[in-house]
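Take a look at the model below. We will walk through it one region at a time.

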Amino acid sequence: MTFQHERLSERVWKVVEDDPYGQFPFLYVIVGDDRCILIDTGCGRGNYLSFVDENVNVKKLPFLIVCTHVHFDHVGGNNLLGGSPRCLGICMGSANKTFTNNCDINSLCMAHNTSVKPFSVTRWLEEGDRIFLSKDEKEKDSLEVIFTPGHTPDSIALFAHWEQRLFVGDTIYPYTAIHLDSIGSSLVSYIETMKKLIGFIEKQPSTEKGIDITSLSKAVTDTGSNVPSQTQEFLALLGLELDSVNFDVEALLALCDGSLEAAVNMYLVDPSEIAILCPPAKRSRTAPSEEVVPVRENGIILSCGHVEANFSPSNLGQMLTLLEIVKAGALPPSSVDGNYHEFTFDNLTVILDIKQVTK
């Protein structure tokens, strides 16, 4: 099967593309009253439109495409979907139209020996624009556009006001390297984006209700531990110590979609297989000397472009701290390839051109 899907909430569905390039992008479908919003369209290897119609948009509502950035694994399906008579348009951020329009180079498709079929952007989104889920254009039922340069100059995030969910594209995700070494990437812009998103989240009204998410592991704050509470529960149930296990517990929990019971059962069936599926992360087991930048989450969930659809905003503070430590020269790289250095702390990894750090 080329695509797999999961319902995240009443209106939001996650779709994962099983592509031959190893990207496995997370695509999102939001079902409104009289239209659907498709956030990113994947690599374009399968018939995404047919899959969405059969599994999510069963009423065959008109749909609007919104892409978080121009990389091939997020715009590859635009040509197919854009040709449908039900397509209301293709939207992308307007921060750098020249970069976006130079898709053949900036999509990175050539680096993966593929191509992106041509498409035309019909609406260039500005900072603060709203994308509505219905013709009524209710403010509450809308996505708010946020410019998030860094990974690419044209990156955007989308805030779903009705359920406190922030779609962040490839700006942040766990376990897999975030690339700040691509064409147009900027460490300076990325750091500013981290600060901007933290500020945006902290300005939102707090909600006690939030979203019923079982797969979201929040960091323990009352004990001062840097180990997520679900990881601690897993270790406690099995009588294990974090420093003694030969696999990445958080990666195992992510593999089991956040189900503690499934992770425990999987470990009990074959512990040796877990070490192969979830090898130990190349990371420090203790916090850096600097304290992680705190983030007041206000019930908000991050939905990423890869790996994790229910991610804690506290990771924005952790990433910001990681980069500040890298800039200070206090964290050694986990791997080096010429000027490109990989840095890892806890569940976050970033690859960047070290020349950007020393500027």
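Two strands pair if DSSP finds at least two bridges between them. Helices (H or I, at least four residues) and strands (E, at least two) are DSSP runs, numbered from the N terminus. This is a predicted model, where local features need pLDDT of at least 70, side-chain atom pairs count only at pLDDT 80 or more, and totals for chains, interfaces and linings use all residues. Residues are numbered from 1 along each chain as its sequence is written, and side-chain values use heavy atoms, with hydrogens and water left out.

Start with strand β10 (residues 156–160). It pairs with β11 in the antiparallel sense, over three bridges. Leu 158 faces Phe 167 of β11. The two strands make a hairpin, with four residues between them. In that turn, Gln 164 has a positive phi of about 55°.

β11 has another partner. Strand β13 (residues 301–304) runs parallel to β11, joined by four bridges. Here Arg 165 has Ile 301 of β13 as its bridge partner.

How enclosed is β11 (residues 165–169)? Five of its five residues are buried, so the rest of the structure largely encloses the strand. Buried means under 20% relative accessible area, exposed over 50%, and partly exposed in between (1.4 Å probe, protein chains only). Both faces are covered. One side carries Arg 165, Phe 167 and Gly 169; the other carries Leu 166 and Val 168.

Now move to helix α1 (residues 48–55). Its buried residues are Tyr 48, Leu 49, Phe 51, Val 52 and Asp 53. Their cover includes the strands β1 (3–7), β2 (12–17) and β3 (26–31), and also helix α3.

Leu 80 sits in α3 (residues 78–82). Leu 80 is partly exposed, at a relative accessible area of 40%. Contact means heavy atoms within 4.5 Å. Leaving aside neighbours within four places in sequence, Leu 80 is in contact with Gly 46, Asn 47 and Tyr 48.

The axes of α6 (residues 187–203) and α11 (residues 314–327) come within 10 Å and cross at roughly 150°. That makes α6 roughly antiparallel to α11. Axes are lines fitted to C-alpha atoms, for helices over the stretch in contact, and angles run from 0 to 180 degrees between N-to-C directions. Angles under 35 degrees count as roughly parallel, over 145 as roughly antiparallel, 65 to 115 as roughly perpendicular and the rest as oblique.
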